[in-house]
Every structure is written in C-alpha cells, then in structure tokens.
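This report goes with the sequence and structure shown below. Please read it with the model open.

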Amino acid sequence: MTNHRKSLWILLSFSMLLFALILLSFLLGRYPITPTELFRAVGERVLRTNQSLNRPMTATETVLWNIRLPRVLAACLVGACLSAAGAAYQGVFQNPMASPDILGATAGAAFGAAFAILMDFGQTGIVLSAFSFSIVAVALVWMVGQRARGSRVLGLILSGIMIGSLFSAGTSFIKLVADPQDQLPAITYWLIGSLAGVQQTDVLFVSPIMILGLLTLLLVRWRINLLTLGDEQARALGVNAQRLRLLVILSSTLITASAISISGMIGWVGLVIPHLSRRLVGSNYRYLMPLSMVFGAVFLLAVDNVSRTLMTTEIPIGILTAVIGAPFFLFLMTQKEGTL
Amino acid sequence: MSILVKDLSFSYQSHPVLNDITFQVNTGEIMALLGPNGVGKSTLFRCILGIQTDYSGSIWIHHQEAKRLSAKVLASQIAYIPQMQKTAFHYSVLDMVLMGTTAQLQLFQQPGPLERQRALNALERFRISHLAHRDFDRLSGGECQLTLIARAVAQGAKILLLDEPTASLDYGNTHRVMEEIYHLRREGYTILFSTHDPNQALSYSNTILALHEGEVAAFGNTDQVLKADLMEKLYQISVSFEQIGSLQKKICIPLPRKEVY
C-alpha cells in the first residue's frame, strides 16, 4: 500500500497548495486587497447578509468578483485542461512526446481566432470561432485517420501533422491580408497566449464543457493505462480500444479547444506538467490524471500571478510558461534518474 | 473451457493468410502451434482474440460464437500472453498484473482491494511476489514472461493463448516458463502456445497444429503427428526423432545437410 499512500499524499499536498495559491491570487494585483477584506467579502457573499444585497458593490468587491475571480478561475481551468489533455494524448498515442496540439486542435483554434479577428467578430466571436475551428480540425484529423491504412495511431498522428499545417498556412494567409494597424497585432498577441483579456462571459461559456471533459477523463483514467499497451493487448484485456480512444480523444479535444479559445496559444504546459507528474507518482493514470490536473492548475495560476504582477505592463503568460518552465524541465532532465 | 475453430479463412487485403483452418482444443489440453515465420500463427491468434473479425468460418469458445461476444466477455474467457515488448511508460509489476482484472470492472471503476488481492495472489502463484513494486520494463526476460502469465491468471480466463512464450529467453528461463505453463494445465486451463521448437511441442503439448502456407499441414496427437516428414515439409530441413530410453522421451534433432554431389 506504500505506493498508493504516497501518491495520495502527493495529490493532497498539491490540492492544498492550489487552495492556498487561489487565496493568494485574490490578494495580488495592482489594486491591493488585504486578507481581511477578502474574507469579509467572501463571507458576505456566502451568508448573503441583508446589507450586502441592498447596497451596490464596493470597489474591492468589483475587483474581486468581476476581475480576479474570472481570471483565477480561467488560469486554474486552462492549466488543468491543457495538462490533463496532454497526459491523455500521451497515453492514447503511447508516446511521451505527445501534447494537446498533436491532433491539430491548436492549429485549428489559431486559425479560428485569426479569422474572427479579421472579420471583427469581437471577443465572444473570437472565443466561439477558435473553439469551433479547433473541434473541426480534430474532427477532420479523426476522419482522415480512420481511412488511413496501417496503424491507426500512426495514421492519426500523421494526419494531425498534415491538417495542422494546413490550418497554419491558413493562419499565415490571414496574417498577410489582415490590417497591419490593429488586426495583425491583435492576431499576434492572441497567438502568444494570454489570460489578460479573459472575461466573465467567456469563462461561463467554456467552464461547463471543461468540467464535463475533465470529469470524463477522471472516470475512465484506469482504462487509459490499457491503451498505452497498444490496441491488441487492450482488446485482449477486455477493453474496446477503438471506442475508448474515441472517448478519450473527444474529451481531451473538448477541454483543449475550450482552454485555447479563451487563453490563446499557451504551449508547453500540456507536454511538461504530465512529465513532472509522472516523476512524482509514476505512470499509473489512476494517480497521474488527477495529479496532472491539479499540478497544471497550480502551475498556470502561479505563472499567471507572476505575469500580472512582475512588471507594470503585463507579460503574456505564453512567453512566461516557456521562460520559467523550459529551464526547469532541462534541469530535471539532466538530474540523475530514480527520483521517482 | 474448450475452443473450436471451424473452416476459418482470413485474407489480408486480398492476400490469403489462413485457409480453411479447423481444429479443437479441449479443457486441460495443451496445443502447440507449429509453423515457419509468417505462416499466420499470429493472425490465427488475432482472429481468436477478436482483434480481427472479418474472417470467414467460425470460432467457438465453449459453445458460444466468439464473434458475438463483447471484448469484456471474451476477455473473461480467453487471456493473451503477447511476446515481450517495451511499454511506452513505466509500470510496476503489480500495476501490470492489476490491468488483468479490468474485464471484471465497470467502465468507470478503479481496481479496489478485491482486485488487488487477486493480483497479489497471481504473483504469489508464480513465486514473484518480491517483484511487485519493481519496474516492469527492467525485469529480465523470464520475470517479464512470468508477470504476463500472472496477469493472464488474474484475468480469470481459463483459455490461455501464448505467442512464442520463450522466444527471447535464455536456456534456464525457457525451461522454467514452460514448466509453469505445463502445471497450469492441471488446474483446468486450456492452453495454446506457438513455438518453433519441436522439442517443446514434444515435451509439453498433448496435440499440435502445424500450419504450412496458411493451411493445416497436420493436426492431432503430438506423438502421432509430429514426424520427420512433417518437419521437412514445414522447415525444409531433415530431422531425426530419437527415443531417449532412460527418460522415456522423444527428441528431435536436425541432421546435417546431405551433400548433393
């Protein structure tokens, strides 16, 4: 039971870390909020005392509920989703190098967002368009991959690369024809990835989809282990590999598309957080999947806090994830193995 | 548990692989599947396991047609022990054996204490409990194969298909693994294993099925069917079967090539 206990402890520690970090994130920012103010505001919200219903919101409350809450929520959900999707894709494709963009979800979303910016669809339009094109891209990849001869997994990966590059070409073309005064910078900024523009309505739109996808991945997590052994063994062990893979890919794609559509291209998280989680609890998805989610949330929330407080102008989180994460990962790579 | 294959034919993209295969294995029997590389031994296994389903003819698992059974039901009756290969991720031996219990779980269920106990019992059964927390990928060939056999036992299926179980094992482990397989027969397991070694078939099997160019070259009692002319047909070499008096055993020895001139 030692391994089981150890994994549960790690999971619990990360959950507590996440909770503490969420509280801290409400206090940080250009408009400082003290812990006392935070607890009073939360208390009044929860207890719904009379005076809090009858009076207009104070400045503190506006910052708390309308600005910081959506942002903190977005950071946690996007981090959890990208990381969980990465872990899931790695299992499905039996490949530790897989990340959420392997089936073209990112390329599709980028095209969708660029297209919406070109057409002046507005913020909600960008989110919807990015989400839809992301799904369309993966659906195309799935359909082509099914027709490919030979190995199903290889067929999917190859068609993912091809359709991804088609959408990237489309994005490049849109950049070419976009108005260089305002549209082109907007597209470029979106592609870097940032949580600065996240609005309450966006979060409300994507969070049910995200929670549905995350929940599905959590529920089938044991069976993802069997997929990593290949279709033949999975089938012989009593799992319909084809159907399970469709379910996992569908859930992962939904959460990836939701995440990218509100955050833009935040690379890296989906590849590295599952790796770090694997170092802590091993490859068994029973522990790996929940830890990837919590760890992803912790990581992105921490980085987002840095991105909005480090300098007066905000550094896009897409840049910071790479700047903080990549050297850390390189450091771990060169460490002796057996930290597990 | 018995397995009956009737008039099985299978083509891979209009290229015939198996043609009109018929055989039966009964409870407590061990059947050796002999034949040169590429003759369709693995394809036959894939058909029985339901991985390939577009075959003609029929496969019956204990009076039920295999094609009509779901993956889950089929897995509770047949277990497959593949040839060893690297896994993409590192799993502990215990986790690997636990995966065998998946067929008894519901879609959203995780293995619990009951499944864990079954996995531990299976490890104990093959005296490899001490490996439980070791990395499966770092086991020796013999330990690896025993782990996969333990997984099949934890699966609860009574028919075992082994794809060249000793293909990459050293001399000692080959013997040890085959002995373990042989003992399972007495516990009511029905066993099919593929091999290239006629001596393994002689030592450990009741019946053999020899495949040649996708067809049945011979099927029957090992002692009666496994003869020099069959070996010559399968592998194009001359062999001699010798009786070892002191051990009451027959062995097969390849002969030097006859000079043409």
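The sections below cover the basis of the model, a helix pair, a sheet and a pair of domains.

## Basis

This is a predicted model, in which local features need pLDDT of at least 70, side-chain atom pairs count only at pLDDT 80 or more, and totals for chains, interfaces and linings use all residues. Residues are numbered from 1 along each chain as its sequence is written, while chains are lettered from A and ligands numbered from 1 in the order in which they are written.

Helices (H or I, at least four residues) and strands (E, at least two) are DSSP runs, numbered from the N terminus. Residues are in contact if their C-beta atoms, placed from the backbone, lie within 7 Å.

## Helix pair in chain A

Helix 5 (residues 105–118) and helix 7 (residues 152–177) of chain A pack with their axes 8 Å apart, at an angle of about 20°. Axes are lines fitted to C-alpha atoms, for helices over the stretch in contact, and angles run from 0 to 180 degrees between N-to-C directions. Helix 5 of chain A is therefore roughly parallel to helix 7 of chain A, a term for angles under 35 degrees.

Helix 5 of chain A contributes residues including Phe111(A), Phe115(A) and Leu118(A) to the contact, and helix 7 of chain A residues including Phe167(A), Ile174(A) and Lys175(A). By class, the contact has 8 nonpolar, 5 polar and 1 charged residues. Here Ala, Val, Leu, Ile, Met, Phe, Trp, Tyr, Cys and Pro count as nonpolar, Asp, Glu, Lys and Arg as charged, and the others, Gly among them, as polar.

## Sheet in chain B

An open, antiparallel sheet of 4 strands in chain B has the order 2-1-4-5. Its edges are strand 2 (15–25) and strand 5 (64–65) of chain B, each pairing on one side only. Strands pair if DSSP finds at least two bridges between them; strand 4 (residues 56–61) and strand 5 of chain B have 2 bridges. Ile61(B) is opposite Gln64(B) of strand 5 of chain B.

Helix 1 (residues 41–48) of chain B packs on this sheet and touches strand 1 (3–12), strand 2 and strand 4 of chain B. The direction of helix 1 of chain B makes about 65° with that of strand 2 of chain B.

## Domains of chain B

Chain B is assigned domain 1 (1–77 + 157–236) and domain 2 (90–155), with bounds from an automatic or database domain assignment. Their centres, taken over C-alpha atoms, are 24 Å apart.

In chain B, 12 residues of domain 1 are in contact with 9 residues of domain 2. On the domain 1 side, helix 2 (71–75) and helix 6 (171–184) of chain B each supply at least two residues; the largest share, 4 residues, comes from helix 6 of chain B. That side of domain 1 of chain B has 6 nonpolar, 3 polar and 3 charged residues.

Conventions. Contact = placed C-beta atoms within 7 Å. Parallel < 35°, antiparallel > 145°, perpendicular 65-115°, else oblique.
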